[in-house]
Amino acid sequence: MKTVGIWQVLTLKESFSIKPSRWVEWNKYISTLPHIRRLVGDIYALNPPLVILYLASRAWKGVVPGITVYVSSQLFVALEAYLRDGEGDPSAVLQALMAHLFCVVISTLTSSLHNHFVPKLTSQTQMFFEEHLIRENLRYDVQTLQQSKTQRPSAYMGWHCFAEICEACSNIMALFTVVTSIMIYQQHGGSFFTTLCLIYPLLARTMRSSWMKAVVWFSDNDDYIRMQAIHLLSAPWYREDIAINNLSEHLMKEYTKARKRLATDFTEHPLDQLRADNQTIFQLFYALSGEIPLMYFAYCAMVDPFTNTMSTLAILQKQSSALSGSIDTIFYMLSSVLYTLENIKSLYHMEELKLVDGTVEYLPPEGSTGMSFELQNVSFAYPGAKSKEGALKEVSLQIKAGQLVVIVGENGSGKSTFIKLLTRTYDVTSGQLLVNGIPIQDYKIADLHDATAILHQDHMMYPLSLAENIGLGYPACVADTEMIKESAVKGGASEVIAGLGQGLDTVLEPVQTASGCHLEESKYKELKDVLESLEVTTEVSGGEKQRVVASRTFMRLRSPRINFIAVDEPSSALDPRGELELFDRLRSEQGGRTMIFVTHRFGHLTKHADLIICMKNGQIVESGVHKDLLALNGEYATLYNIQAQAFAPAQGTDRAGGFRTPPDNDAFSESDRASL
Ligand SMILES: Nc1ncnc2c1ncn2[C@@H]1O[C@H](COP(=O)(O)OP(=O)(O)OP(=O)(O)O)[C@@H](O)[C@H]1O
């Protein structure tokens, strides 16, 4: 670790070597060859004539530097003979000039053609990979996706990888043709000259790789950290807090004090400071190496003054710059191509993921429309969770088909996790979870999900119309407007929807396609206004969104296949009346199906419950019905009484943390319940 100004910088000591580990890296890249073949095949199949045209344009780009070097060398020689003696061969000049111009014309035409058809090929490829990635993303469950460590590629990556590989091949061809033309032209000393030309790009590469070393940096300077914290506090989102608490002056004083203390330390970016260190000598060498062709010419001219002319110098300069350019490009591309190869893998990686699915078709238990659960010593830890403690520990329990269950407990006690296991969002880490007497993993996941409706605490809106937002609860009836409207009434969203200009057709957060540029000048105000009026987001409150999402669940409940309804704290943003109505309507929709509520405000639910589960630290600490649990006077009674006391007249303090004791252990009156 090195201290650079206020920064602590960590690097690894590396020396260049062809160690076995490097070969392991190369093997990794070689293993992508099947993916490259697949990528090229996929893109070729999209539009064979355009792909052939594209490859031809890249091939031309590969040979043109060599041809240009050769032809311009011929031109220099012919011109010099003509200028020096006044009686050179005009046809040789014309020939060389025509060849040179031909190259220029073909290159320009190729590049213009290239610009014409490449966007078409790019968008076709992008759409192909977008479809491929959407299909793969939608195929997997939460657990499999979370376990996949590979980065998620973008659809553009397909074309980008293909273009990079073609570009790399084109650059290798360019190098080959330039070297060939140097060898042809300079039959004596060509290889020596080629070697000299390597020095400049090699030094450039070395310099770049010294900048691209893996580095980690952080600052442990208290003053700097404090300045940054105060800087963050000046952001608009803290404004209200800072203004109301009148903190501006205090913060400014603190900032100034910290800045004064820091004055002597460097805060510039650590990489800039590192680069500035010990680079002068190296940079000098690097700059001088660019002059090697000139030195070589001076040497040749002194050794053999009669055969070396000014055209020889011009040719040497042209050849060396073409060669250095090709080598430099290849070095530069090498690192990006290696990265590209990794990306190709990730494009097809999703297909290789294995979805752990069962084979049993889900059927409800005989004579019932509910789903039964049995947990036997179930434990669960989230994949990659940092906490050593699992989210659920040794949980055993039975839930009968058609029961109404309420799960209560403190924050983080494992209530949502419990629901995630029952809905097979995740698989248990150990123990056994039986659904209708069969291990949950044995069922086909899609079948289980078809029989489940879940209303979450997150109110996730889809970037689609409100009609679809609700209708997708039951995709088979997504076009049934009447059913959607009825569901909206049950979910409490009908008034919200009626208040929006486009009603059910409103898209709250439309897909953003509109954009503009160069609109700063006032004469373009009209255009700017048009842009601002396009694809506008409609703001609604969190509670209103929750009502739309609840309507989606009511739509889902119309499906005759639903046997299990899980409701996980869906009312955090709802007003008390909205919450009460939502819970009552959900209960009235139960119709013999198993229904589980997770809620902190359980006063108006638990008395209807067939089973109450009280959780703490990932375990079930109590379970039973309301009366029995109150009589136990344990965890459930404590939680219940804390809520009840808010509505009870003052009667002294109780044992549960200093709250007033209610007149009896069941303090919610009907009117309290309604307004809870
Ligand atoms: N995706 C996750 N990855 C890792 N740990 C998680 C994840 N989700 C929850 N946990 C942890 O699992 C434990 C149980 O969380 P869970 O969400 O089930 O609690 P909860 O009882 O529903 O809490 P709350 O009442 O706050 O909603 C907590 O310690 C939590 O930090």
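Modeller: By class, three nonpolar, eight polar and two charged residues form the shell around the ligand. Here Ala, Val, Leu, Ile, Met, Phe, Trp, Tyr, Cys and Pro count as nonpolar, Asp, Glu, Lys and Arg as charged, and the others, Gly among them, as polar. This is a predicted model, in which local features need pLDDT of at least 70, side-chain atom pairs count only at pLDDT 80 or more, and totals for chains, interfaces and linings use all residues. Residues are numbered from 1 along each chain as its sequence is written, and side-chain values use heavy atoms, with hydrogens and water left out.

Colleague: How far is a polar side-chain atom of Lys415 from an oxygen atom of the ligand?

Modeller: A polar contact is a pair of N or O atoms within 3.5 Å. An oxygen atom of the ligand is 2.9 Å from an N or O atom in the side chain of Asn411. For the polar side-chain atom of Lys415, the distance to a ligand oxygen is 2.8 Å.

Colleague: Which side chain meets Glu167 in a salt bridge?

Modeller: A salt bridge is a side-chain nitrogen of Lys or Arg within 4 Å of a carboxyl oxygen of Asp or Glu. The N to O distance is 2.2 Å, and the partner of Glu167 is Lys61.

Colleague: Is Glu167 buried or exposed?

Modeller: Buried means under 20% relative accessible area, exposed over 50%, and partly exposed in between (1.4 Å probe, protein chains only). Lys61 has 34% and is partly exposed. With a relative accessible area of 18%, Glu167 is buried.

Note on methods: Polar contact = N/O pair within 3.5 Å; in protein donor to acceptor, adjacent residues only side chain to side chain.
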